Amino acid sequence: MKRIFSGIQPTGNLHLGNYLGAIRNWVRLQGEFECIYCVVDLHAITMPQKPEDLRRHTREATASLLAAGIDAKTHILFNQSQVSAHAEMAWIFNCVARLGWLNRMTQFKDKAGKNRDSASAGLYVYPNLMAADILTYKATHVPVGDDQKQHLELTREIAGSFNSAYGVEHFPMVEPLIFGEATRVMSLRDGSKKMSKSDASDYSRINLTDSADDIAQKIRKARTDPEPLPDTIAALEARPEADNLMGIFAALSDLSREAAMQRFAGKQFSSFKEELAALAIDSLAPITSEMRRLMADPGHVDAVLRDGAARADAIARPILRQTQDIVGFLRP
Ligand code: TYM
(Lines give C-alpha, C1' and ligand atoms only; values in the text may rest on other atoms or scores of the structure.)
Protein backbone atom coordinates (compact mmCIF):
# COMPACT_ATOMS: atom_id res chain seq x y z
CA MET A 1 0.00 0.00 0.00
CA LYS A 2 1.20 3.49 -0.80
CA ARG A 3 0.24 6.11 1.77
CA ILE A 4 1.30 9.73 1.94
CA PHE A 5 1.63 11.87 5.03
CA SER A 6 2.76 15.48 5.00
CA GLY A 7 2.34 18.53 7.19
CA ILE A 8 2.53 22.29 7.28
CA GLN A 9 2.95 24.62 10.24
CA PRO A 10 0.25 27.21 10.97
CA THR A 11 2.71 29.92 11.89
CA GLY A 12 1.76 32.71 9.51
CA ASN A 13 1.26 33.44 5.89
CA LEU A 14 1.74 30.52 3.57
CA HIS A 15 3.97 31.59 0.71
CA LEU A 16 5.06 30.64 -2.78
CA GLY A 17 7.80 28.37 -1.38
CA ASN A 18 5.23 26.34 0.56
CA TYR A 19 3.04 26.24 -2.54
CA LEU A 20 5.64 25.18 -5.12
CA GLY A 21 7.80 23.07 -2.81
CA ALA A 22 4.93 21.22 -1.15
CA ILE A 23 1.25 22.07 -1.54
CA ARG A 24 1.06 21.88 -5.32
CA ASN A 25 2.79 18.50 -5.25
CA TRP A 26 0.39 17.32 -2.52
CA VAL A 27 -2.52 18.16 -4.81
CA ARG A 28 -0.98 16.34 -7.76
CA LEU A 29 -0.23 13.18 -5.76
CA GLN A 30 -3.87 12.74 -4.75
CA GLY A 31 -4.56 10.68 -7.88
CA GLU A 32 -1.94 8.06 -7.05
CA PHE A 33 -1.84 7.75 -3.27
CA GLU A 34 -4.02 7.64 -0.20
CA CYS A 35 -3.14 11.04 1.28
CA ILE A 36 -3.15 12.37 4.84
CA TYR A 37 -2.38 16.08 5.14
CA CYS A 38 -1.97 17.77 8.48
CA VAL A 39 -1.84 21.30 9.84
CA VAL A 40 0.79 20.75 12.49
CA ASP A 41 -0.22 22.94 15.43
CA LEU A 42 1.82 20.88 17.93
CA HIS A 43 4.91 21.76 15.91
CA ALA A 44 3.90 25.43 15.78
CA ILE A 45 4.13 25.88 19.56
CA THR A 46 7.81 24.91 19.58
CA MET A 47 8.14 28.70 19.07
CA PRO A 48 5.93 31.13 21.06
CA GLN A 49 2.45 31.64 19.51
CA LYS A 50 -0.41 33.82 20.64
CA PRO A 51 -3.46 31.58 21.11
CA GLU A 52 -5.73 33.72 18.91
CA ASP A 53 -3.07 33.80 16.16
CA LEU A 54 -2.62 30.05 16.33
CA ARG A 55 -6.36 29.49 15.91
CA ARG A 56 -6.54 31.93 13.00
CA HIS A 57 -3.44 30.54 11.28
CA THR A 58 -4.74 26.98 11.66
CA ARG A 59 -7.95 27.93 9.86
CA GLU A 60 -6.02 29.95 7.26
CA ALA A 61 -3.63 27.11 6.47
CA THR A 62 -6.59 24.74 6.15
CA ALA A 63 -8.39 27.19 3.85
CA SER A 64 -5.24 27.55 1.70
CA LEU A 65 -4.92 23.81 1.31
CA LEU A 66 -8.58 23.43 0.35
CA ALA A 67 -8.33 26.39 -2.03
CA ALA A 68 -5.22 24.90 -3.66
CA GLY A 69 -7.12 21.70 -4.41
CA ILE A 70 -6.73 19.30 -1.48
CA ASP A 71 -9.75 17.00 -1.61
CA ALA A 72 -10.67 16.56 2.05
CA LYS A 73 -13.48 14.12 1.26
CA THR A 74 -11.48 11.52 -0.67
CA HIS A 75 -8.35 12.15 1.41
CA ILE A 76 -7.78 13.37 4.97
CA LEU A 77 -7.09 16.92 6.17
CA PHE A 78 -6.93 17.69 9.88
CA ASN A 79 -5.03 19.54 12.58
CA GLN A 80 -2.51 17.57 14.57
CA SER A 81 -3.60 18.39 18.15
CA GLN A 82 -6.99 16.70 17.56
CA VAL A 83 -5.31 13.30 17.24
CA SER A 84 -3.47 12.54 20.46
CA ALA A 85 -1.67 9.52 18.96
CA HIS A 86 0.94 11.93 17.51
CA ALA A 87 2.03 13.09 20.95
CA GLU A 88 1.91 9.58 22.42
CA MET A 89 4.04 8.14 19.63
CA ALA A 90 6.43 11.08 19.89
CA TRP A 91 7.17 10.18 23.50
CA ILE A 92 8.20 6.69 22.47
CA PHE A 93 10.45 8.19 19.78
CA ASN A 94 11.97 10.61 22.31
CA CYS A 95 13.25 7.43 23.92
CA VAL A 96 14.47 5.92 20.61
CA ALA A 97 16.27 8.91 19.06
CA ARG A 98 19.79 9.61 20.30
CA LEU A 99 20.96 13.09 21.32
CA GLY A 100 23.76 12.77 18.77
CA TRP A 101 21.21 12.44 15.97
CA LEU A 102 19.29 15.52 17.11
CA ASN A 103 22.49 17.51 17.50
CA ARG A 104 23.08 17.21 13.77
CA MET A 105 19.77 18.87 12.81
CA THR A 106 20.48 22.10 10.96
CA GLN A 107 16.92 23.40 11.36
CA PHE A 108 17.30 23.41 15.14
CA LYS A 109 20.58 25.30 14.82
CA ASP A 110 18.98 27.86 12.47
CA LYS A 111 15.86 28.35 14.54
CA ALA A 112 17.49 28.36 17.97
CA GLY A 113 20.12 30.82 16.75
CA LYS A 114 22.89 31.91 19.07
CA ASN A 115 20.84 31.76 22.24
CA ARG A 116 20.34 27.99 22.40
CA ASP A 117 19.74 27.85 26.13
CA SER A 118 16.49 29.72 25.75
CA ALA A 119 15.12 27.56 22.89
CA SER A 120 12.24 25.31 23.98
CA ALA A 121 12.88 21.62 24.62
CA GLY A 122 10.08 21.06 22.09
CA LEU A 123 12.12 22.74 19.36
CA TYR A 124 14.96 20.32 20.06
CA VAL A 125 12.81 17.17 19.85
CA TYR A 126 10.72 18.57 16.97
CA PRO A 127 12.12 15.98 14.51
CA ASN A 128 10.96 13.13 16.78
CA LEU A 129 7.40 14.49 16.64
CA MET A 130 7.72 14.73 12.88
CA ALA A 131 8.79 11.07 12.73
CA ALA A 132 5.78 10.25 14.91
CA ASP A 133 3.44 12.12 12.53
CA ILE A 134 4.58 9.98 9.64
CA LEU A 135 5.03 6.61 11.29
CA THR A 136 1.78 6.71 13.30
CA TYR A 137 0.12 6.16 9.91
CA LYS A 138 2.85 3.87 8.56
CA ALA A 139 3.08 6.34 5.67
CA THR A 140 5.39 5.19 2.90
CA HIS A 141 5.93 8.49 1.04
CA VAL A 142 6.38 12.06 2.24
CA PRO A 143 6.22 15.00 -0.21
CA VAL A 144 8.18 17.97 1.12
CA GLY A 145 10.47 20.81 0.08
CA ASP A 146 14.21 20.31 0.11
CA ASP A 147 14.62 21.82 3.62
CA GLN A 148 12.88 18.81 5.23
CA LYS A 149 15.22 16.18 3.78
CA GLN A 150 17.33 15.88 6.91
CA HIS A 151 14.26 15.38 9.09
CA LEU A 152 13.14 12.52 6.84
CA GLU A 153 16.53 10.88 7.13
CA LEU A 154 16.08 11.02 10.90
CA THR A 155 12.61 9.47 10.52
CA ARG A 156 14.21 6.55 8.69
CA GLU A 157 16.84 6.26 11.39
CA ILE A 158 14.17 6.15 14.11
CA ALA A 159 12.09 3.57 12.22
CA GLY A 160 15.13 1.37 11.62
CA SER A 161 16.36 1.68 15.16
CA PHE A 162 12.92 0.84 16.61
CA ASN A 163 12.54 -2.18 14.32
CA SER A 164 15.95 -3.58 15.18
CA ALA A 165 15.74 -2.83 18.93
CA TYR A 166 12.51 -4.82 19.19
CA GLY A 167 13.28 -7.34 16.44
CA VAL A 168 10.22 -6.39 14.37
CA GLU A 169 9.40 -5.19 10.86
CA HIS A 170 6.85 -2.75 12.21
CA PHE A 171 7.65 0.66 10.71
CA PRO A 172 8.25 1.19 6.97
CA MET A 173 11.24 3.05 5.53
CA VAL A 174 9.68 6.27 4.26
CA GLU A 175 10.60 7.70 0.87
CA PRO A 176 10.88 11.48 0.54
CA LEU A 177 9.17 12.91 -2.55
CA ILE A 178 11.05 16.09 -3.44
CA PHE A 179 10.31 17.08 -7.03
CA GLY A 180 9.69 19.94 -9.43
CA GLU A 181 11.80 22.96 -10.37
CA ALA A 182 11.15 24.79 -7.08
CA THR A 183 12.10 22.46 -4.25
CA ARG A 184 13.89 25.32 -2.53
CA VAL A 185 12.42 28.74 -3.30
CA MET A 186 14.71 31.52 -2.09
CA SER A 187 13.96 34.96 -0.64
CA LEU A 188 13.22 37.65 -3.23
CA ARG A 189 15.59 39.95 -1.34
CA ASP A 190 18.51 37.58 -0.91
CA GLY A 191 19.18 34.59 -3.15
CA SER A 192 21.17 32.84 -0.43
CA LYS A 193 18.27 32.71 2.06
CA LYS A 194 15.23 30.47 1.92
CA MET A 195 11.84 32.12 1.37
CA SER A 196 10.24 31.83 4.81
CA LYS A 197 7.20 32.84 6.84
CA SER A 198 9.40 34.33 9.51
CA ASP A 199 11.51 36.72 7.39
CA ALA A 200 11.03 40.26 8.74
CA SER A 201 10.67 41.71 5.23
CA ASP A 202 7.34 41.01 3.52
CA TYR A 203 9.12 41.83 0.24
CA SER A 204 11.15 38.64 0.67
CA ARG A 205 8.15 36.42 -0.10
CA ILE A 206 4.94 36.14 -2.09
CA ASN A 207 2.12 35.21 0.27
CA LEU A 208 -0.85 33.19 -0.88
CA THR A 209 -2.99 36.07 0.45
CA ASP A 210 -1.20 38.78 -1.59
CA SER A 211 -3.22 40.89 -4.05
CA ALA A 212 -2.25 41.08 -7.73
CA ASP A 213 -0.70 44.50 -7.08
CA ASP A 214 1.37 43.16 -4.17
CA ILE A 215 2.66 40.30 -6.32
CA ALA A 216 3.54 42.59 -9.24
CA GLN A 217 5.35 45.01 -6.98
CA LYS A 218 7.28 42.33 -5.09
CA ILE A 219 8.49 40.75 -8.33
CA ARG A 220 9.40 44.14 -9.80
CA LYS A 221 11.45 44.90 -6.68
CA ALA A 222 13.01 41.43 -6.41
CA ARG A 223 16.77 41.67 -6.21
CA THR A 224 18.56 40.93 -9.48
CA ASP A 225 21.82 41.86 -11.17
CA PRO A 226 22.44 44.16 -14.15
CA GLU A 227 23.40 41.42 -16.67
CA PRO A 228 20.95 40.09 -19.29
CA LEU A 229 19.63 36.58 -18.66
CA PRO A 230 22.12 33.79 -19.42
CA ASP A 231 21.85 30.93 -21.90
CA THR A 232 23.49 28.09 -19.99
CA ILE A 233 22.44 26.40 -16.75
CA ALA A 234 25.97 26.79 -15.37
CA ALA A 235 25.84 30.57 -15.91
CA LEU A 236 22.36 30.68 -14.38
CA GLU A 237 23.45 28.76 -11.31
CA ALA A 238 26.26 31.23 -10.70
CA ARG A 239 23.60 33.95 -10.22
CA PRO A 240 21.41 32.87 -7.30
CA GLU A 241 18.72 35.56 -7.66
CA ALA A 242 18.30 34.96 -11.40
CA ASP A 243 18.31 31.21 -10.81
CA ASN A 244 15.61 31.53 -8.16
CA LEU A 245 13.28 33.61 -10.34
CA MET A 246 13.85 31.26 -13.28
CA GLY A 247 13.05 28.25 -11.06
CA ILE A 248 9.80 29.94 -10.01
CA PHE A 249 8.91 30.69 -13.63
CA ALA A 250 9.70 27.12 -14.68
CA ALA A 251 7.64 25.61 -11.86
CA LEU A 252 4.64 27.88 -12.45
CA SER A 253 4.64 27.20 -16.18
CA ASP A 254 5.44 23.47 -15.85
CA LEU A 255 8.57 23.84 -17.95
CA SER A 256 12.03 22.52 -17.20
CA ARG A 257 14.46 25.15 -15.95
CA GLU A 258 16.44 24.71 -19.18
CA ALA A 259 13.37 25.39 -21.37
CA ALA A 260 12.36 28.40 -19.26
CA MET A 261 15.89 29.80 -19.47
CA GLN A 262 16.08 29.42 -23.26
CA ARG A 263 12.91 31.43 -23.59
CA PHE A 264 14.51 34.45 -21.93
CA ALA A 265 18.20 33.99 -22.82
CA GLY A 266 19.83 37.34 -23.67
CA LYS A 267 16.78 39.36 -22.53
CA GLN A 268 16.70 42.00 -19.82
CA PHE A 269 15.29 41.29 -16.38
CA SER A 270 12.57 43.89 -16.82
CA SER A 271 10.71 41.97 -19.54
CA PHE A 272 11.26 38.63 -17.79
CA LYS A 273 9.91 40.04 -14.53
CA GLU A 274 6.81 41.34 -16.27
CA GLU A 275 6.00 37.89 -17.65
CA LEU A 276 6.81 36.25 -14.33
CA ALA A 277 4.50 38.62 -12.45
CA ALA A 278 1.63 37.97 -14.89
CA LEU A 279 2.14 34.22 -14.55
CA ALA A 280 2.31 34.33 -10.74
CA ILE A 281 -0.84 36.45 -10.56
CA ASP A 282 -2.73 34.11 -12.92
CA SER A 283 -1.64 31.05 -10.96
CA LEU A 284 -2.35 32.39 -7.49
CA ALA A 285 -5.47 34.54 -8.00
CA PRO A 286 -7.94 31.62 -8.07
CA ILE A 287 -6.41 30.20 -4.87
CA THR A 288 -6.46 33.56 -3.10
CA SER A 289 -10.07 34.26 -3.95
CA GLU A 290 -11.23 30.77 -2.96
CA MET A 291 -9.28 31.10 0.28
CA ARG A 292 -11.07 34.37 1.08
CA ARG A 293 -14.41 32.70 0.44
CA LEU A 294 -13.52 29.83 2.78
CA MET A 295 -12.22 32.15 5.51
CA ALA A 296 -15.62 33.84 5.57
CA ASP A 297 -17.08 30.52 6.73
CA PRO A 298 -14.93 29.29 9.66
CA GLY A 299 -17.69 26.84 10.65
CA HIS A 300 -17.14 24.94 7.41
CA VAL A 301 -13.35 24.92 7.84
CA ASP A 302 -13.74 23.62 11.40
CA ALA A 303 -16.10 20.89 10.22
CA VAL A 304 -13.54 19.74 7.63
CA LEU A 305 -10.88 19.51 10.36
CA ARG A 306 -13.19 17.67 12.75
CA ASP A 307 -14.17 15.11 10.15
CA GLY A 308 -10.54 14.66 9.04
CA ALA A 309 -9.39 14.19 12.63
CA ALA A 310 -11.94 11.44 13.25
CA ARG A 311 -10.79 9.55 10.16
CA ALA A 312 -7.10 10.13 10.96
CA ASP A 313 -7.64 8.87 14.50
CA ALA A 314 -9.22 5.67 13.18
CA ILE A 315 -6.00 4.90 11.27
CA ALA A 316 -3.56 6.11 13.92
CA ARG A 317 -5.05 4.52 17.03
CA PRO A 318 -4.53 0.84 16.07
CA ILE A 319 -0.97 1.51 14.87
CA LEU A 320 -0.20 3.28 18.15
CA ARG A 321 -1.72 0.31 20.04
CA GLN A 322 0.47 -2.20 18.15
CA THR A 323 3.50 -0.03 18.87
CA GLN A 324 2.66 0.15 22.57
CA ASP A 325 2.29 -3.64 22.67
CA ILE A 326 5.69 -4.07 21.03
CA VAL A 327 7.24 -1.72 23.62
CA GLY A 328 5.63 -3.72 26.44
CA PHE A 329 3.07 -1.30 27.83
CA LEU A 330 0.57 -3.39 29.77
CA ARG A 331 -3.10 -2.93 28.91
CA PRO A 332 -4.87 -5.37 31.20
P1 TYM B 1 6.87 24.09 6.99
O2 TYM B 1 5.58 24.48 7.61
O3 TYM B 1 8.07 24.92 7.27
O4 TYM B 1 6.69 24.05 5.42
C5 TYM B 1 5.66 23.29 4.78
C6 TYM B 1 6.19 22.69 3.50
O7 TYM B 1 6.67 23.73 2.63
C8 TYM B 1 8.00 23.43 2.24
N9 TYM B 1 8.75 24.71 2.12
C10 TYM B 1 9.42 25.08 1.03
N11 TYM B 1 9.61 24.49 -0.16
C12 TYM B 1 10.36 25.15 -1.08
N13 TYM B 1 10.91 26.38 -0.84
C14 TYM B 1 10.74 27.02 0.34
N15 TYM B 1 11.27 28.22 0.55
C16 TYM B 1 9.97 26.36 1.35
N17 TYM B 1 9.61 26.69 2.61
C18 TYM B 1 8.87 25.67 3.06
C19 TYM B 1 8.58 22.57 3.34
O20 TYM B 1 9.66 21.80 2.89
C21 TYM B 1 7.38 21.75 3.73
O22 TYM B 1 7.26 20.62 2.89
N23 TYM B 1 8.52 20.22 9.66
C24 TYM B 1 7.60 20.59 8.61
C25 TYM B 1 6.16 20.23 8.88
C26 TYM B 1 5.92 18.81 9.26
C27 TYM B 1 5.97 17.69 8.39
C28 TYM B 1 5.63 16.57 9.19
C29 TYM B 1 6.27 17.53 7.04
C30 TYM B 1 5.58 18.36 10.48
N31 TYM B 1 5.39 17.02 10.46
C32 TYM B 1 5.60 15.28 8.66
C33 TYM B 1 6.23 16.24 6.50
C34 TYM B 1 5.90 15.14 7.32
C35 TYM B 1 7.68 22.11 8.44
O36 TYM B 1 8.04 22.84 9.32
O37 TYM B 1 7.19 22.55 7.27
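Is the crossing of H11 and H13 left-handed or right-handed?

## Helices H11 and H13

In this predicted model, the crossing of H11 and H13 is left-handed. Helix H13 spans residues 269-295. The axes of H11 and H13 come within 10 Å and cross at roughly 40 degrees.

By class, the contact of H11 with H13 comprises 11 nonpolar, 2 polar and 2 charged residues.

## Helices H1 and H11

Two packed helices are described by the angle between their axes and by the distance between those axes. Helix H1 covers residues 16-29, and helix H11 covers residues 240-253. H1 and H11 pack at an angle of about 45 degrees, and their axes lie 11 Å apart. That angle makes H1 oblique to H11. H1 passes H11 in a left-handed crossing.

On the H1 side, Leu16, Leu20 and Arg24 take part in the contact, and they meet Ile248, Ala251 and Leu252 of H11. Sorted by class, this contact of H1 with H11 has 5 nonpolar residues, no polar residues and 1 charged residue.

## Surroundings of the ligand

There are 28 residues around the ligand. Which of these residues come nearest? They are Gln9, Tyr126, Asp133, Asp147 and Val185.

For Gln9, a polar backbone atom is 2.8 Å from an oxygen atom of the ligand. For Asn18, an N or O atom in the side chain is 3.1 Å from an oxygen atom of the ligand. For Lys197, an N or O atom in the side chain is 3.1 Å from an oxygen atom of the ligand.

Terms used
Residues are numbered from 1 along each chain as its sequence is written. This is a predicted model: local features need pLDDT of at least 70, side-chain atom pairs count only at pLDDT 80 or more; totals for chains, interfaces and linings use all residues. Side-chain values use heavy atoms; hydrogens and water are left out. Axes are lines fitted to C-alpha atoms, for helices over the stretch in contact, and angles run from 0 to 180 degrees between N-to-C directions. Helices (H or I, at least four residues) and strands (E, at least two) are DSSP runs, numbered from the N terminus. Angles under 35 degrees count as roughly parallel, over 145 as roughly antiparallel, 65 to 115 as roughly perpendicular and the rest as oblique. A crossing is left-handed if the near helix is turned anticlockwise from the far one by less than a right angle, and right-handed if clockwise. Contact means heavy atoms within 4.5 Å. Ala, Val, Leu, Ile, Met, Phe, Trp, Tyr, Cys and Pro count as nonpolar, Asp, Glu, Lys and Arg as charged, and the others, Gly among them, as polar. A residue is near a molecule or strand if one of its heavy atoms lies within 4 Å of it. A polar contact is a pair of N or O atoms within 3.5 Å; within protein, one must be able to donate a hydrogen and the other to accept it, and residues adjacent in sequence count only if both atoms are side-chain atoms.
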